Amino acid sequence: MIRGLKAPSFMDLALLTAENAGKAGEVPIGCVVVRNYDVIATAANRTLTDHDPTAHAEIVALREAANKIGSERLVDCDLYVTLEPCTMCAGAISFARVRRLYYGAADPKGGAVESGVRFFASPTCHHAPDVYSGVGESEAARLLKEFFRERR
Ligand SMILES: [Zn+2]
């Protein structure tokens, strides 16, 4: 497993959350929101469980974190997610004013950070987090690969 230079244990927690979601039949993607080295939200994909197309791990975690700190702006918060965020989640991360985004595997088919629309680099993006990619990449990619292999 490739470990990031900063707080790799937070990505480990996101990976563990992803793995548990996979066992429950959800696409194994996990997310953790951290503030001052405290985990304030942990979430996995819940789209099937909740019958909610917007229940991506990042959205669920951002809601929980915002609820916990009582603000829609997650100033000084860092978000760890096992897969490159999609367009919707990149937008939400921007609206939430997340400070740093750490993600694992790139998603050339659905991602919106280094792939697709590259939302944070677009002129309509008014806040871009610092982005660190490839943190826990191989483990995140393995979870997804095994999940979809078992489903074929
Ligand atoms: Zn998403």
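Contact is taken here as heavy atoms within 4.5 Å. By this criterion, residues 24 or more positions apart make up 58% of the contacts in the chain with a separation of 6 or more. The model is a predicted one, in which local features need pLDDT of at least 70 and side-chain atom pairs count only at pLDDT 80 or more, while totals for chains, interfaces and linings use all residues. Residues are numbered from 1 along each chain as its sequence is written, and side-chain values use heavy atoms, with hydrogens and water left out.

The chain contains five helices and five strands (DSSP runs numbered from the N terminus; helices are H or I with at least four residues, strands E with at least two). From the N terminus on, their order is α-β-β-α-α-β-α-β-β-α. The chain has a radius of gyration, taken over C-alpha atoms, of 14 Å, close to the 15 Å given for 152 residues by the globule rule, so it is as compact as a globular protein of that length. That rule is 2.2 Å times the number of residues to the power 0.38.

Of the 152 residues, 48% are buried (under 20% relative accessible area, 1.4 Å probe, protein chains only). The largest nonpolar core comprises 47 residues; such a core is a set of buried Ala, Val, Leu, Ile, Met, Phe, Trp, Tyr and Cys residues joined through side-chain atoms within 4.5 Å. Val33, Leu62, Leu79, Leu101 and Phe120 have the most contacts inside this core. Helix 3 gives the most to the core, with seven residues. Neighbours within four places in sequence aside, Leu62 is in contact with Leu74, Leu79, Ala92, Ile93, Ala96 and Val98.

Technical notes. Buried < 20%, exposed > 50% of the residue type's maximum accessible area, 1.4 Å probe, protein only.
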